[in-house]
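Student: Hi! I have a structure open and would like to talk it through with you.
Tutor: Happy to, please show it.

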Amino acid sequence: MSFNLFDAEEKAIERAKALGERIALDAPECSAGFNELLEAFTRSYREQRRLVRFSDRLQAQLATLNQELERRRQEAETALARLQEAQEVLVQSEKLASLGALVAGVAHEINTPVGIAVSCASHLADATGKLKALTEQGGLGRNDFNRYLATATDTTALILANCERAAQLINSFKQVAVDRASAERRSFALDAYIQETLVSLQPRLRQGNHAVSVDCPPGLTVDGFPGALSQILTNLVMNSLQHGFEPGHEGRIAITVTQPDPDTVVLAYADDGRGIPAEIMPKVFDPFFTTRRGEGGSGLGLHVVHNLVVGPLKGGITVGGAPGQGALFTITFPRVAPGA
Amino acid sequence: MERLTIAPTGRTPAIDFDFDGGVLRLSGESYPDDVATFFGPVFGALRGFLAEPGGPVRFDIELVYFNSSSAKALMNIFQMLEEAARGGRAVTVNWRFEDGDDAMREFGEDFSEDLEEVTFNLVEGGSGGAA
């Protein structure tokens, strides 16, 4: 049994045609008018068929487009999720890389006192060996012994001082490294902590003869995340070294901490480098934005800074300064991090 | 008779009826918010033009997309052209569509069913040759 959507219309047309034949015989004066009506109805029926087909086709197209749209939307969402994952991984590896740089900096710093201690100890061992030989030969004179005492006094003093220096460096680094790795919250003296962080950057700063001045109210204690702060300072210094200072320029960095009110800390970081062109200022915190692509710039340094300021520090950061007059970053954060 | 030109919008096609030259063009997309507002003046001008005796008429249609109301409007236009052709006027419709646009080809074939006196050409390949 075949189904015809327009069965009724077609049957009506058939009946009307039969009627038309009767009218032609019985009332020929009505025939022309009737045929005109029949033709109009037949055309309308064809148009209806056409419109139904047309409309079905449009809706099929629409459905296909909707499916395609949904498929693309899902693709885009998957791609976005993957991109966010990759970005997260890169941000983490950037943090690790700067932790690595910190380790290298501290290792370099510790190398000097340890080297001095080793050469002093070796000198002392030589002198002791000679003294022992003289004693065994029975030829030890008063002058020999006095000379040895002088040597021993000098070298032990140097060994002690340098080992203490090394121990002090290790201590300050240990705290910074633990803070970096653990992201733990604690109270800390801001001034001392800034200094400790700068220790690990000394080799890099000394290379270009750059100087950092810190002006921080003594006794200002911050309750928050020192690891984040240390990372922020490291990245800002690296940014000055990589982008701010031209080769040969002996840069000046000024870190100034103020307290507009007892619960708010404002840390202004300024360098006297090239400054940031106004047109890229809105983009400096964007992930992967770099003016040094292909020259080792990851475009993540300042992004990590921004993340840490708005994340753990629950603060805000602005960028300023003028080309030729250095860059200025102003970080404002609560003295006691909320959510304790 | 004065030429009728209507600039296209996102939802309505371009109209260029050069009545004196006997070349009428309709192109673009057609899914107007209100069919009567858009097609009313077009129908009026076309009806006026066809009512007067005149030379051959060429109607170029090149639509990318149109809705059901526009399809009905097109069928009405074709009917007007068919009547003019029955009245002895030489009428040609060029139904242009892009290469490989099977849907537009089939719509054209459908529309041509009711046209006996009008010469209906399916022209694949877009605006090639249109003046």
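Student: Thanks! Which residue in β3(A) is the bridge partner of A:Phe188?
Tutor: That partner is A:Val222. A word on the basis: this is a predicted model, where local features need pLDDT of at least 70, side-chain atom pairs count only at pLDDT 80 or more, and totals for chains, interfaces and linings use all residues. Residues are numbered from 1 along each chain as its sequence is written, while chains are lettered from A and ligands numbered from 1 in the order in which they are written.

Student: How many bridges join β1 and β3 of chain A, and do they run parallel or antiparallel?
Tutor: Four bridges join β1(A), residues 186-189, to β3(A), and the two strands run antiparallel. Strands here are DSSP runs of E with at least two residues, helices are runs of H or I with at least four, and both are numbered from the N terminus. Two strands pair if DSSP finds at least two bridges between them.

Student: Switching to chain B, what are its elements?
Tutor: Chain B has three helices and six strands, and from the N terminus they run β-β-β-α-β-α-β-α-β. Of its 131 residues, 30% count as buried.

Student: How are the six strands arranged?
Tutor: They form an open sheet in the order β1-β2-β3-β4-β5-β6 with mixed pairing. Its edge strands are β1 (4-6) and β6 (119-124), each pairing on one side only. One pairing in chain B is that of β5 (residues 91-97) with β6(B), which run parallel and are joined by six bridges; there B:Arg96 has B:Val123 as its bridge partner.

Student: What does α2(B) touch on the sheet?
Tutor: α2(B) packs on the sheet, touching β3 (23-30), β4 (57-66) and β5 of chain B, and its direction makes about 150° with that of β5(B). Axes are lines fitted to C-alpha atoms, for helices over the stretch in contact, and angles run from 0 to 180 degrees between N-to-C directions.

Student: And how do α1(B) and α2(B) cross?
Tutor: Their axes come within 11 Å and cross at roughly 5°, so the two helices are roughly parallel to each other (that is, at an angle under 35 degrees). Residues of α1(B) that meet α2(B) include B:Phe39 and B:Leu46, and those of α2(B) include B:Ala73 and B:Ile77.

Student: Where do the two chains meet?
Tutor: Nine residues from chain B and nine residues from chain A make the contact; residues are in contact if their C-beta atoms, placed from the backbone, lie within 7 Å. On the chain B side, α2(B) gives the most, with four residues.

Student: Last one: which residues touch the most other members of the largest nonpolar core?
Tutor: Of its 36 residues, these are A:Ile194, A:Ile232, A:Leu236, A:Val305, A:Leu308 and A:Val309. α5(A) supplies the largest share, six residues. Such a core is a set of buried Ala, Val, Leu, Ile, Met, Phe, Trp, Tyr and Cys residues joined through C-beta atoms within 7 Å.

Technical notes. Buried ≥ 20, exposed ≤ 12 C-beta atoms within 10 Å, placed from the backbone. Contact = placed C-beta atoms within 7 Å. Parallel < 35°, antiparallel > 145°, perpendicular 65-115°, else oblique.
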